[in-house]
Amino acid sequence: MGGTAWYDDAAGPVVRPYAVTGGRTHYDGDDFDLVALIAVADPAEPADGAPPAAPWAPEPEHDMILELCRTPLSVAEIASDLELPLGVVRVLLGDLLDHSLIQVRRPAPVAQFPGERVLKEVIDGIRAL
């Protein structure tokens, strides 16, 4: 047992989640809401005279997220599909957002929803039909 690596015959080598994120435990930008929709961004054309982007080698998990998000998915769905902890997925999404590879569609604030009175009036109007 002294020289053997963590290994599960059925699952393959075991990698701790923080190894996937390079030891990072949170994203420094805006927090990703569980129901925020993530979609692959249209490739941006470089601006004239802009310095070239720093080289970045995405991890396989980044590529899996981009593949999943060809159709918009919520942050919770991505974490579920990848079977990764939510914190890890948020860090990976932050990497993709920093490189303009994804778009985030945040849910509408609750203050923008109609009040209970308005909803009751709509229901009463529908019943009157």
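**A walk around helix α4**

You're looking at a predicted model, where local features need pLDDT of at least 70, side-chain atom pairs count only at pLDDT 80 or more, and totals for chains, interfaces and linings use all residues. Residues are numbered from 1 along each chain as its sequence is written, and side-chain values use heavy atoms, with hydrogens and water left out.

Now colour by secondary structure. Helices (H or I, at least four residues) and strands (E, at least two) are DSSP runs, numbered from the N terminus. Among contacts in the chain with a separation of 6 or more, 78% come from residues 24 or more positions apart; a contact means heavy atoms within 4.5 Å.

Next, select residues 86-98. That's α4, with 13 residues and a reach of 18 Å from first C-alpha to last, close to the 18 Å expected at 1.5 Å a residue (the expected span is 1.5 Å times one less than the number of residues). Show the side chains of V88, V89, V91, L92, L93, G94, D95 and L96, which are buried. What covers them? The cover includes α1 (17-20), β3 (37-40), α2 (60-68), α3 (75-82) and β5 (102-105). After the helix, click S100, which has a positive phi, near 55°.

At the contact, E61, H62, I65 and L66 of α2 meet L92, L93, D95 and L96 of α4.

Zoom in on D95. It is buried, at 9% relative accessible area, and touches R24, W56 and H62, leaving aside residues up to four places away in sequence.

Last stop: select Y27 and F32, both buried. The structure holds one aromatic pair. The ring centres of Y27 and F32 are 5.6 Å apart with planes at 35°, so the pair is tilted. Rings of Phe, Tyr and Trp (its six-membered ring) pair if their centres lie within 6.5 Å; planes under 30 degrees apart count as stacked, over 60 as edge-to-face and the rest as tilted.

Notes: Buried < 20%, exposed > 50% of the residue type's maximum accessible area, 1.4 Å probe, protein only.
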